[in-house]
Amino acid sequence: MDSATELIGARYGALGVVDPERRRLTDLFTAGMTEEERQRIGRLPDGTAGPTDALVRDPWPLRLDDLTADPRSSGVPEGHPEARAFLGVPIRVHTEVFGHLYLTEKRTGRFTEEDLALLRVLASQAGIAIGNARLYETARQRERWIEARPR
């Protein structure tokens, strides 16, 4: 998230991990927020309201110039830093949606189509890395099973 926010010039970023069975976020990792800002928010969004919910229900890229003018902006937690510009894309591991990358508050104005394309590439690379990590863990688990088998 730190790399994405820096590269695209966003003030805040988050990576939301989706529970596909319950269709909500199970984890949310943030960038750009101070510990004091996180404490003020309390419970972070869980993907059941607002633009995070929109992406959980319909996992396609979402770019908004003014988040506050969008009807999906309900459910933003009290104390959340002001956010107008919003950019979100899904992270897919093969055909499964693993989570989403979210950026808000571009430092130089609005998010562009170029920003969206760049974030999509970052999400794609994240999906490949997650998929590879899963394959590696599966291979390691099989190795442990083979080694534990009586001979």
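Trainee: What should I know about the model before I start?

Mentor: This is a predicted model, in which local features need pLDDT of at least 70 and side-chain atom pairs count only at pLDDT 80 or more, while totals for chains, interfaces and linings use all residues. Residues are numbered from 1 along each chain as its sequence is written, and side-chain values use heavy atoms, with hydrogens and water left out.

Trainee: What is the mean pLDDT of the protein chain, and where is confidence lowest?

Mentor: pLDDT is the predictor's confidence in each residue, from 0 to 100, and where it is low, the predicted coordinates should not be read in detail. Here the chain has a mean of 83, with 87% of its residues at 70 or more; confidence is lowest in helix α2 (residues 35-41), at a mean of 76, and highest in β4, at 93. Helices (H or I, at least four residues) and strands (E, at least two) are DSSP runs, numbered from the N terminus.

Trainee: In what order do the strands of the sheet lie?

Mentor: Strands of a sheet pair through backbone hydrogen bonds, either parallel or antiparallel, and two strands are taken to pair if DSSP finds at least two bridges between them. In this model 5 strands form an open sheet in the order β2-β1-β5-β4-β3, with antiparallel pairing, and the edge strands, each pairing on one side only, are β2 (24-31) and β3 (62-64). Strand β1 (residues 10-19) is joined to strand β5 (residues 96-106) by 7 bridges, and Tyr12 stands opposite Thr104 in β5.

Trainee: How many residues does the largest nonpolar core have?

Mentor: A nonpolar core is a set of buried Ala, Val, Leu, Ile, Met, Phe, Trp, Tyr and Cys residues joined through side-chain atoms within 4.5 Å. The largest one has 17 residues, and Leu87, Val89 and Leu101 are among those with the most contacts inside it. Its largest share, 4 residues, comes from β4, whereas a second, separate core of 13 residues includes Ala14, Leu25, Ala54 and Phe86.

Methods: Buried means under 20% relative accessible area, exposed over 50%, partly exposed in between (1.4 Å probe, protein chains only).
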